[in-house]
Amino acid sequence: MTASLNTSPDLLTPSRLEIRPRYEGSNICTWIGFKHVNYLVEEAVNNHLRSGGLPPGTLYEVYGLCVDIVDIDTRILHAFHIDDVAIAEVKPARKAKDGELLFSVVLQVQRETLLKAVTSTVRVQLRHDPRGGGGEPVPATLAPYAVERLGAVPAWEPGTPDADVNADDLVKELTAGKNAYAWKFRIPYWYCHYTERMQMSGYLRMMEEAKDRFVADRGVSIKTLLDEQNWIPVVPHSRITVLDEARMEEDLYTVFTVEEIFKGITYTSRMDTYVVRDGKLLQTSTGLITHGYAVIENRRDWSLVNFDDRMNAALEGRSA
């Protein structure tokens, strides 16, 4: 029997969720990486939809509407550890426009006092999927949020140069004259949801891999700095925006470009992803991530460090 769904949802009332980080995200000591912090935000948004009468599973099964996060802008103020409980509050963002599902998310964590640990703004689209057939027509209350294709608001017009070149040439073209690194990646099914489209968590994985590949290419891999200096990367801010749809088994070209080095203590990089479709290069996402480095002081604590000459040279693309 199909679950019932509220056709007059209440998304204005704030929702609250207590949730622990996934064990998978405890990559360094017991600290939770930025990707899994964003997963907490995603779960909080899904819980808010359920609380307001719009369970994501039922939306799809009844109306063929896929809940897709198409923009997530997250700032990490305090680190989460594996045994922490995140206390999430979700409410509509004050700057939301008509026909837009835009949410403000705050994650708190208990230390000596209750601290605001994470703030995030999340935009959701309800992507109509005809696959499977049947189902009920989309009700009028949900129609303003339903789209036939994922993308930015307003519509993104990236310009689509001819891409009739091989993969190696295309990677060179995408990085020419830039302080950047790029590679080709075949999108697997486990980076997708609702059968075939790449989901936000897939882009978060790509952003994490982009950093790893970039620093390894520049001779300052994460393992190298850990072994030689006891340094680890930390992320205070990340944002990803979906501009168009990327599909299962397409080749995704990811470009990671260093944009700014701030006072020798953090640097901001841009991630852009593309697919080649119908002989044209189509941009599917763009994003920003800010990294710093911290020295591991003990199994619980770390502190930020200034970049040394080797790190500055690597980030700037020059010899130390």
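The model is predicted, so local features need pLDDT of at least 70 and side-chain atom pairs count only at pLDDT 80 or more, while totals for chains, interfaces and linings use all residues. Residues are numbered from 1 along each chain as its sequence is written, and side-chain values use heavy atoms, with hydrogens and water left out.

Colour next by burial: 51% of the 320 residues are buried, which means under 20% relative accessible area, whereas exposed means over 50% and partly exposed lies in between, with a 1.4 Å probe and protein chains only.

Now select the aromatic rings, among which there are nine aromatic pairs; rings of Phe, Tyr and Trp (its six-membered ring) pair if their centres lie within 6.5 Å, and planes under 30 degrees apart count as stacked, over 60 as edge-to-face and the rest as tilted. Select Tyr-189 and Trp-190, whose ring centres are 5.2 Å apart with planes at 85°, so the pair is edge-to-face; both residues are exposed.

Move on to Tyr-293 and Phe-307, another edge-to-face pair, at 6.2 Å centre to centre and 75° between the planes. Tyr-293 lies in strand β15 (residues 280-296) and Phe-307 in the loop between β16 (302-304) and α6 (309-316), so the pair ties together parts 14 residues apart in sequence. Tyr-293 is buried at 0% relative accessible area, and Phe-307 is buried at 7%.

Conventions
Helices (H or I, at least four residues) and strands (E, at least two) are DSSP runs, numbered from the N terminus.
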